[in-house]
Amino acid sequence: MRGVPTTLFMCLLAFGIPATGQTPVAPQAAPATVAAPRPPRPAPPTRDPHTPGYVTATELPDGANAPSDADGNFILGSTHAAAPESLPQTGVPQGTIVEITMSSADSKRYPGIMRDPGPLGTPDPNDPAKLLVTTSHPSPWTRKVTVYVPQQYTPGTPAPFIVGADGPDRLLFTVLDNLIAEHKLPVMVAISISNGGGDAQGSERGLEYDTMSGLYAEWVENEVLPLVEAQAHVKLTHDPDGRATTGGSSGGSCALIMAWYHPEWYHRVLTYSGTYVNQQWPNNAAAPHGAWEFHEHLIPDLPAKPIRLWMEVGDRDLYNPNVMRDNMHDWVLANELMAKVLAAKGYHYQFVFAENADHVDRAVRQQTLPDALEYLWQGYPIAMPKH
């Protein structure tokens, strides 16, 4: 993704456009025939939160956040100023950052894959919900795991923690510094895991984040967390009420996948622009529509699980009707449907529809992350300092 802004890169991928072009070849004896350039793909449309079929939501004053103690659906105004807790504050204790390097050579679960540059794949002519990817091949990976340990942590005590995708997440670390100091959050560790490379179907990142199974959570539990405890010198709680997951885009769907398939490990989930769409590869007969299955079948058809969920989507979030034509690639609709089925099943959740916002919009994250974390950690004890 070097040289391509993250949001643009993800939009290019969503519309099936390569993020980098081929190097042009200089003409030889005769001028080469130059193909006409492709017309630019349209940007995602701006969606109206009052669209028929969308959930009924409380409209907030411009610049205001949803109450950190309220379930339900909310619409944020168009101005997204950073919350004070999203910025470094003078005099606040700073956590320690520990970086750990992991290699696929040491992994029993993810030996590594990579997709060749170029188009994402081709739809299965017999099933538009399946994408055929023939350019994926084995490839090793090396990644960083960035661990935040708050200054207030008492060595040897079991700490609550939050696991995040697509790390390192410096904004999360700053917010934790401030909210822990304000006694609005428990003294918690943050584990920010870099992805394995690439994006979407056929890539390591896509395999890890979009697969509807417990594999990624099992990799974290058995291969990541022991390294974190050993190298960051922390003890992590085994209480699922003290464990959270977070991520944006496919990292967001991954966060819910972790808790859904292993609720004995995780009870709290926070997502921005969650990819609750049909992006799984290879195909899984148990969940043939990938993360779209969450709101299509899994949540409405199964007993409620002990999961508290905070989720956000932007009005200019991703929309891709062009590649697979399966009607399962509208990020806004997917998140709206998530809110609908979560409410119907009685989950504790908060859904934020952000106006004037792109995919995993940084300004929206800076505005909302402190209150989102407070909502997420409701009910968990916060130890007060001893006098």
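## Reading helix packing, cores and loops in a predicted model

User: I'd like to start with two helices. At what angle do the axes of helix H2 and helix H8 cross?

Analyst: Happy to begin there. The axes of helix H2 (residues 170-181) and helix H8 (residues 362-376) cross at roughly 40 degrees and come within 10 Å. Please keep in mind that this is a predicted model. In general, a packed pair of helices is described by two things, the angle between the axes and the distance between them.

User: What does that angle make H2 relative to H8?

Analyst: Angles under 35 degrees count as roughly parallel and 65 to 115 as roughly perpendicular. The crossing of H2 and H8 is roughly 40 degrees, which makes H2 oblique to H8. As for handedness, H2 passes H8 in a right-handed crossing.

User: Which residues make the contact of H2 with H8?

Analyst: From H2 come Leu 171, Leu 172, Val 175, Leu 176 and Leu 179. H8 brings Arg 362, Arg 365, Gln 366, Leu 369, Pro 370, Leu 373 and Glu 374. Sorted by class, this contact has 8 nonpolar, 1 polar and 3 charged residues.

User: Phe 294 keeps turning up. What is Phe 294 in contact with, leaving aside its neighbours within four places in sequence?

Analyst: Good eye! Phe 294 is in contact with Met 212, Ser 253, Leu 256, Ile 257, Trp 260, Tyr 276, Ile 299, Pro 300 and Met 338, leaving aside neighbours within four places in sequence. The largest nonpolar core has 66 residues, and Phe 294 is among those that touch the most other members, together with Ile 191, Val 220 and Val 228. Helix H4 (residues 215-232) supplies the largest share of this core, 8 residues. Another core, of 32 residues, lies apart from it, with Leu 76, Leu 171, Tyr 272 and Val 364 among its members.

User: Is Ala 66 buried or exposed?

Analyst: Buried means under 20% relative accessible area. Ala 66 is at 6% relative accessibility, so Ala 66 counts as buried. Ala 66 is in the loop between strand S1 (58-59) and strand S2 (72-76). Not counting residues up to four places away in sequence, Ala 66 touches Leu 60, Phe 74, Leu 76, Gln 350, Val 352 and Asp 371. Thr 368 is 302 residues apart from Ala 66 along the chain, yet their C-alpha atoms are separated by 8.3 Å.

User: Where are the cis peptide bonds that join Gly 167 and Pro 168, and Trp 281 and Pro 282?

Analyst: Let's take them in turn. The cis bond between Gly 167 and Pro 168 has an omega of about 0 degrees, and Pro 168 is in the loop between strand S10 (161-165) and H2. For the cis bond between Trp 281 and Pro 282, omega is about -5 degrees. Pro 282 lies in the loop between strand S14 (268-272) and H6.

User: One more backbone feature. What is phi of His 183?

Analyst: Phi of His 183 is near 60 degrees, a positive value in a residue other than glycine. His 183 lies in the loop between H2 and strand S11 (189-193), and counts as partly exposed at 34% relative accessibility. Asn 356 also has a positive phi, of about 55 degrees. Asn 356 is found in the loop between strand S16 (349-354) and H8, and is partly exposed with a relative accessible area of 37%.

User: To finish, how many helices and strands does the protein chain have?

Analyst: The protein chain has 8 helices and 16 strands. Of its 387 residues, 53% count as buried.

Technical notes. Residues are numbered from 1 along each chain as its sequence is written. This is a predicted model: local features need pLDDT of at least 70, side-chain atom pairs count only at pLDDT 80 or more; totals for chains, interfaces and linings use all residues. Side-chain values use heavy atoms; hydrogens and water are left out. Axes are lines fitted to C-alpha atoms, for helices over the stretch in contact, and angles run from 0 to 180 degrees between N-to-C directions. Helices (H or I, at least four residues) and strands (E, at least two) are DSSP runs, numbered from the N terminus. Angles under 35 degrees count as roughly parallel, over 145 as roughly antiparallel, 65 to 115 as roughly perpendicular and the rest as oblique. A crossing is left-handed if the near helix is turned anticlockwise from the far one by less than a right angle, and right-handed if clockwise. Contact means heavy atoms within 4.5 Å. Ala, Val, Leu, Ile, Met, Phe, Trp, Tyr, Cys and Pro count as nonpolar, Asp, Glu, Lys and Arg as charged, and the others, Gly among them, as polar. A nonpolar core is a set of buried Ala, Val, Leu, Ile, Met, Phe, Trp, Tyr and Cys residues joined through side-chain atoms within 4.5 Å. Buried means under 20% relative accessible area, exposed over 50%, partly exposed in between (1.4 Å probe, protein chains only).
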